[in-house]
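Colleague: I am new to reading protein models. Could we go through this one together, step by step?

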Amino acid sequence: MRGRKQRALLALLLLRANEIVSRDNTIQVHVSQLRKALTGDGIDGAEILATRSPGYVLNVSEDQLDAHRFERLVSLADEARSAGDAVTASASLAEAESLWRGPALADVSREQFTRPEIGRLEEMRVRAIEDRIDCDLELGHHVELVGEITSLVERHPLRERLREQLMLALYRSGRQADALAAYQDARTKLDEELGIAPSPALSDLQRSILRQDEAIGATRQPIRRPTHEALPEFLTPFVGRAHDVEAVVDLVRRDDVRLVTLTGLGGIGKTRLAVEAARSLAADFADGLAFVPLATIFDPDLVAPTIVQVLGAEEAGSAPEDVLERHLTASRSLLVVDNLEQVVEAGELFSRLLRAAPGLKLLITSRAPLRLEGEHEYTLPALPVEESVALFTERAESVNPSFAVTESTRPAVVELCARLEGLPLAIELAAARTRLLTPAAMLDRLDRRLDLLAAGPRDVPGRHRALRLTLDWSFELLTAEQQRVFARLGVFVGTWDLDAAESVCGAGEGLLLDHVSAVAEESLIRREPGDDARFAMLETVREYALERLREAGEEDDARARHARYFLAFAQEAHDALGGPEQAGSLAQLEREHDNLRAAQSYFREQGEAELLLQMSAWLWRFWQIHGHLDEGRRALEAALAADVDGDPRLHVRVLNGAGVLAAEQGDFEAAESFFEPALVLARGLDEHERTATVLVNLGNLGLFARDFARARRLYEESIHYAALSGSPEVEAIARENLGLLALDQGDLRHAVELLEESARLATSAGDDRGRSSSTRALAAALLESGETEAAKAQLVESLELARRLGELNGIAYCLDTFAGLAVAEGDPERAARLFGAADGLRASIGALRPPDQQPLYERWVASTLAQLETATYAACYESGRVLGLDEAAEVALANRTLAD
């Protein structure tokens with residue numbers, strides 16, 4: 001419609017849709033032209049624009065007008081909010097916002113009659129956005145709202161409601177100084193533009209922020225959304241299954257379907273199909289999707305923490321189940337949960353999440369249905385013949401480049417795939433044999449094996465027989481000793497190396513390598529990529545190996561060897577944590593995390609309470625440093641409960657570890673409840689080093705509470721006991737904390753002296769972790785003293801050590817201090833990004849910034865805001881929050897001027 005008059009007439013009629021507009025000469029001239037323009041594609045313009053005395057009426061339904069749909073959705077949202085349903089209200093308002101494609105009535109904005117309606121619609125639009133922000137703040141989305149509200153404040157600087165929302169979002173994101181700066185900006189703008197003071201509501205909010213009033217605190221911690229980038233990649237192409245992928249995608253997309261379970265035998269290809277379906281569904285979920293692998297998880301209590309870790313939703317001091325419920329409540333996302341059959345007891349967790357999160361859908365793989373309400377089962381069928389042949393060909397060519405399906409070999413390949421019942425794993429195992437055998441030779445051997453199987457139980461499914469056939473065939477090609485090694489390798493979870501295999505299998509190194517190579521040749525195990533010789537086994541093959549192990553009567557011996565090997569491994573790694581090899585030891589513990597969990601499970605099952613306590617004592621520092629705070633704390637508490645009257649020396653270690661992990665999570669009351677009995681036990685045992693360690697930790701609680709006199713007394717007492725024990729590592733920690741106390745009290749000279757002494761002690765003891773900690777504290781003291789170059793040197797050293805150790809909380813401390821350094825050097829935007837990176841890193845492990853670091857942090861943030869507009873700060877902060885570890889380190893070191 002090109003004519004301005006025609007567009008104006010249409011706008012007038014639309015604004016008064018289904019009402020009679022009186023005829024006048026201006027309207028009458030353009031009606032016939034407008035009717036022609038509206039006619040077409042089966043539409044009669046005369047019916048839509050009808051003549052009704054004394055004028056004309058435009059006949060449209062409410063759904064045909066965006067303005068009507070918008071107002072209806074806003075009304076529905078009001079009803080939902082009145083009923084306390086913030087999730088539905090937020091969704092309705094977001095849908096209402098999506099109807100806007102620019103300013104209201106933009107084409108006819110100069111017409112006199114449109115101006116009142118433009119003003120009304122635009123006001124409704126902004127109010128709807130404000131209402132939706134209120135809902136999202138209620139639902140805990142304060143972190144991701146900061147950037148949006150900041151942009152809105154720039155466009156509507158005099159709307160105090162938006163100013164309040166920005167202050168709340170910043171405060172609830174742990175940015176008190178930023179929230180107060182936002183208030184000052186609002187006060188300045190209102191005074192300059194209108195000559196008025198902030199409203200009582202805005203002023204009351206400022207006072208509440210200053211008091212840190214619990215009433216305005218976050219009900220939910222900052223979260224990070226799942227993304228489709230979490231889907232695994234495979235080394236081999238996906239062959240066939242196009243129909244099944246389409247069927248599963250269609251099922252998940254149905255409005256009445258929330259839970260889809262892919263079922264089928266092991267080896268049928270459930271995981272690959274789920275991943276391919278998820279790739280096709282990625283665009284359907286506004287809040288993304290995530291893949292949760294449970295193949296190495298056998299403890300139902302670890303399912304929720306595993307999902308939390310995948311989603312990056314850790315919250316300090318909260319149960320993982322509660323965290324997930326809060327995290328997913330308002331999200332429209334898809335979780336792909338793989339291998340649930342081994343922890344089926346966790347099924348109730350998924351029912352709870354589906355009830356709590358209306359926008360959540362689950363795609364689960366399991367060998368059997370979960371029997372949950374609302375479950376839709378999709379049983380994966382065998383591959384059709386042509387797809388089976390394509391899979392066999394692709395896999396055979398990958399192990400034997402000269403292999404090809406020709407006119408003469410095709411019948412044997414087709415028959416071979418048919419005999420294997422279209423089971424992908426069986427086909428892949430058979431294809432691996434093309435190194436040595438032609439398809440016809442394989443078929444001849446399989447025929448003889450099938451004749452023997454035919455005499456077996458008739459109720460065994462055909463595809464089960466086919467899989468057992470290929471596994472039996474590969475197994476029987478091994479020598480008796482190779483068979484024994486293969487069966488024993490079934491006790492490993494995840495990956496393993498040759499040293500561990502040697503201990504479990506009881507074979508010499510030279511012989512073991514030959515046996516492992518033979519097993520790998522049969523495609524029963526695979527070597528993992530990387531420089532280290534590590535191996536893995538498919539879960540289906542692992543179950544077969546364990547079955548063979550049980551038949552040989554060797555399962556308990558193999559599991560006991562496995563558990564005791566990893567107990568010794570944990571102790572050896574723990575002993576290295578105070579020396580120069582600790583970075584390597586921590587990396588090894590992370591690689592063996594699944595096996596360490598399996599060893600703990602074995603000790604629990606066998607009632608080996610003291611061994612479980614020992615293992616917890618050796619592992620707690622690893623859990624702390626690598627950020628496994630919730631899992632570690634649960635394990636420590638369980639070990640203490642299982643061995644109430646055990647070795648008091650172990651109890652001291654485990655109580656102390658539980659206290660440290662609780663403190664890292666910000667649960668200081670629980671931390672003290674662990675430290676106090678640990679101190680009593682340590683004093684009773686006359687263990688000076690243990691006593692010194694617990695005293696330091698109790699001193700930290702005093703420092704966090706700003707009870708400086710108590711903290712000083714405990715630190716000094718700790719130094720006394722550390723000297724008695726001859727432990728420079730513990731003395732270094734105590735002196736570091738005395739230095740932090742002096743820093744908090746503003747005694748910079750004394751702080752630097754104490755922290756330099758702490759760094760010297762840690763260095764002389766070869767304690768990289770202690771040196772990393774003391775040098776970053778020293779850097780903060782030097783920075784506050786105005787010695788920026790010296791601070792930079794210490795901080796670079798600390799960051800390098802923390803990264804090598806994988807100590808995430810330590811890296812976050814470094815990033816905060818690098819931010820302080822950046823603003824001191826006149827680079828406030830880099831400072832804001834680094835503050836965001838530090839907060840994002842802490843959130844990823846469920847840790848909080850220690851209270852003693854808060855005053856420094858607030859001073860550095862205030863200095864940053866003094867040099868930046870609040871909107872610029874917010875944008876830089878949000879961009880930093882999503883940085884990865886390496887990217888954050890690059891930003892931190894961007895202005896490094898030191899010689900390498």
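**Buried residues and cores**

Modeller: Happy to! C135 is buried, with a relative accessible area of 1%; buried means under 20%, exposed over 50%, and partly exposed in between, using a 1.4 Å probe and protein chains only. This is a predicted model, where local features need pLDDT of at least 70, side-chain atom pairs count only at pLDDT 80 or more, and totals for chains, interfaces and linings use all residues. Residues are numbered from 1 along each chain as its sequence is written, and side-chain values use heavy atoms, leaving out hydrogens and water.

Colleague: Is C505 buried or exposed?

Modeller: Look at its relative accessibility, which is 0%. Because of that value, C505 counts as buried.

Colleague: How many disulfides does a search of the whole structure find?

Modeller: A disulfide is a covalent bond between the sulfur atoms of two cysteines. Here the test is a pair of cysteine sulfur atoms within 2.5 Å. Searching the whole structure gives a count of 0.

Colleague: Which residues touch the most other members of the largest nonpolar core?

Modeller: A nonpolar core is a set of buried Ala, Val, Leu, Ile, Met, Phe, Trp, Tyr and Cys residues joined through side-chain atoms within 4.5 Å. The largest one has 150 residues. Those touching the most other members are F486, L489, F566, L815 and F835.

Colleague: Where is L139 found, and how far is L139 from V87 in space?

Modeller: L139 is found in the loop between α6 (115-138) and α7 (142-155); helices are DSSP runs of H or I with at least four residues, strands are runs of E with at least two, and both are numbered from the N terminus. At 5% relative accessibility, L139 counts as buried. L139 and V87 are 52 residues apart in sequence, while their C-alpha to C-alpha distance is 7.5 Å.

Colleague: At what angle do the axes of α26 and α28 cross?

Modeller: Each axis is a line fitted to C-alpha atoms over the stretch in contact, with angles running from 0 to 180 degrees between N-to-C directions. The axes of α26 (residues 582-591) and α28 (residues 609-625) come within 11 Å, and they cross at roughly 95 degrees.

Colleague: Which residues of α26 and α28 make the contact?

Modeller: Contact means heavy atoms within 4.5 Å. From α26 come L586, L589 and E590, and from α28 come L619, F622 and I625.
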